[in-house]
Amino acid sequence: MELNGIPIADTFAEGFGMVATRVWITAATSAWAERAARAFVGFGTSVIACGVEAAVERPLSAEETPDGRVGCSALLFAVDRGTLEKQVVRRLGQCVLTCPTTAAFSGLDREPRIALGSKVRQFGDGWQISKWIDGRRYWRIPVMDGEFLCEATAGTQRGVGGGNYIVLAKDALAAANACEVAYQAMATVRDCITPFPGGVARSGSKVGSKYRGLLASTNDAFAPTLRGVCDSLLPDAAGAALEIVIDGLTVDAVRSAIEVGIRAVCAVGRDLGVVGITAGNYGGKLGQYQFALREVLG
Amino acid sequence: MSGWTWEVRATADQVVDLSAAMKGFDWSLSVAEVERLPLAEMRRPNGTVERRVVGDLFRVTRQSDDPQLVLLGTCERLSGIGHRWSSGQLTVDGSAGSAVAREQVAGTIRVLGSVGDGLAAGKRGGLVRVDGDAGASIGGPTIGRGPGMRGGAVWVRGNAGDRVGERLRRGTIVVEGHCGSECGLQMIAGTVLIAGTVGPHVGRLLRRGTLIARRDMVRPLAEPAWSPPQVVELLVLRLLWRAIASWNASLAWIREWPIQCERQIGDRTAGGIGEFLRT
């Protein structure tokens, strides 16, 4: 199969079940909301060492938010609910509570719920105030610019992590430029994020390592400098490969992001030096979800 | 008219407690079963005890399966209307007696006229709306119980008597008119909003919770029981205004209320850290 002359490999991306939450961060201005949200999701590229995979999903208009102010929607994914709560509370306390004029709300109306403000409230040292409004509990924590308003809990749901595709290009810059196009296009898809910087991981990994205790190591099959030494999956014309990783609240969201991203790459790909699209998987043995590229592109 | 109708046959010659009948009422019952629901025993002045059932007091009809019950006729002497009400809509087509919506769990209760004392005592959820005035102790405790209302919403379109929000534990009370003395007496938590004037001794022995009044209707509370007023902007008020406005279109005016207010903390004579907001 080819799309605009770019070969699409007959393979699939392998996704994993995760637990997800959505947190809405609002502030007096979009700049402060974005600063808080960026800090909140920072160091959230991979569950392997960050605890969560997180990113800003989209900006929020004043009409959408509970407090009528502008904000940002953040999605966070973890392997289990306990880890997710731990990470959310830690990030909320250090990155949102600290940021001027911010407030935080649950962006998911789902059960079960994890702690949000309920585990940050004690910062109020007894002056915190609980308020039930419309069946939801909020905490008002006195801070130096007034009050930090935060919903007590956030909803969670099952999510899908590890959706991906790999852009093969003539060199590293060509691959990066193509991924930039994909990243912009995928930003329009709801209910999903691309947690790596610019949506891209250049250090795509394989399971295991020659070193004991290392869970993952370099995906040598796609490393151009190892061509001829390892079993390479790089076509002859490819000098670089970059992996775009997608986490979504639903299978459809991940599938949609993969499709939108690949189509965007292929629309401009030949001019940019893209030579093929493939995907990462573990032979279908590890993940519950498979996204066959040719099926996704219909 | 749809749903159920209970029409008062004749004005009761003394107060009749409907609590037992209200508690036993269920949408799945037949008309005959509803007519057999017991009313509280009545002790006559001559010492005789009278046992009556719903059918003795009301003409019961069922027009459809809609979860709506309308009480027609003179209901001022009926107490306990809406006791433990848990689903659907109850409408009183006129005024009602005391203890309306006592221990209400969910659903909606609307009284087109006024109500007596003890509105929403021990209430746990749902909405009760009174188009007229309400007596004393809205959202207060039930007899022999400590805390008052524990959840839900109360909306009085007219005036309210003394002790609005007495020992209120949780939930929201809105009075569009004026209220009497000791508003927020011994309040434990929750929210009371008075749009009109407020009588003396506001927030006496209040421990936590929020009392809200209009700046042009009420003076700041006296120090040292209450802290000096501080002008603050409270984001939570925007959520509160929106929530109250969502109860009914006729409450849309509250969306225009500012979120900047004068805040006092108290009642410090009781170690309270509740708040009195003048907005």
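In chain A, helix α4(A) passes helix α5(A) in a right-handed crossing (the near helix is turned clockwise from the far one by less than a right angle). The structure is a predicted model, in which local features need pLDDT of at least 70, side-chain atom pairs count only at pLDDT 80 or more, and totals for chains, interfaces and linings use all residues. Residues are numbered from 1 along each chain as its sequence is written, chains are lettered from A in the order in which they are written, and side-chain values use heavy atoms, without hydrogens and water.

**Exercise 1.** Determine how the axes of α4(A) and α5(A) are arranged, and which residues make the contact.

*Solution.* Step 1: locate the helices, which are DSSP runs (H or I, at least four residues) numbered from the N terminus. Helix α4 covers residues 172–186 of chain A and helix α5 covers residues 251–272 of chain A.

Step 1: take the axes, lines fitted to C-alpha atoms over the stretch in contact, with angles from 0 to 180 degrees between N-to-C directions. They come within 8 Å and cross at roughly 140°. That angle makes α4(A) oblique to α5(A) (under 35 degrees counts as roughly parallel, over 145 as roughly antiparallel, 65 to 115 as roughly perpendicular, the rest as oblique).

Step 2: list the contact (heavy atoms within 4.5 Å). On α4(A) the contact is made by A:Ala174, A:Asn177, A:Ala178, A:Val181, A:Ala182, A:Ala185 and A:Met186; α5(A) contributes A:Ala257, A:Val260, A:Gly261, A:Ala264, A:Val265, A:Val268 and A:Leu272.

**Exercise 2.** Describe the crossing of α1(A) and α3(A) and name the residues in contact.

*Solution.* Step 1: helix α1 (residues 30–41) and helix α3 (residues 81–96) of chain A have axes that come within 9 Å and cross at roughly 140°. This makes α1(A) oblique to α3(A).

Step 1: the crossing is right-handed. A:Ala36, A:Ala39, A:Phe40 and A:Val41 of α1(A) meet A:Val88, A:Arg91, A:Leu92, A:Cys95 and A:Val96 of α3(A).

**Exercise 3.** How much area do chain A and chain B bury between them, and how many residues are in contact?

*Solution.* Step 1: 20 residues of chain A are in contact with 18 residues of chain B.

Step 1: the two chains bury about 1,600 Å², with 58% of it on carbon and sulfur atoms (buried area is the accessible area, 1.4 Å probe, that two parts lose on being put together, summed over both). In chain A, the residues that lose the most area to chain B are A:Lys131, A:Trp132 and A:Ile133, together 30% of what that side buries.

Technical notes:
Helices (H or I, at least four residues) and strands (E, at least two) are DSSP runs, numbered from the N terminus.
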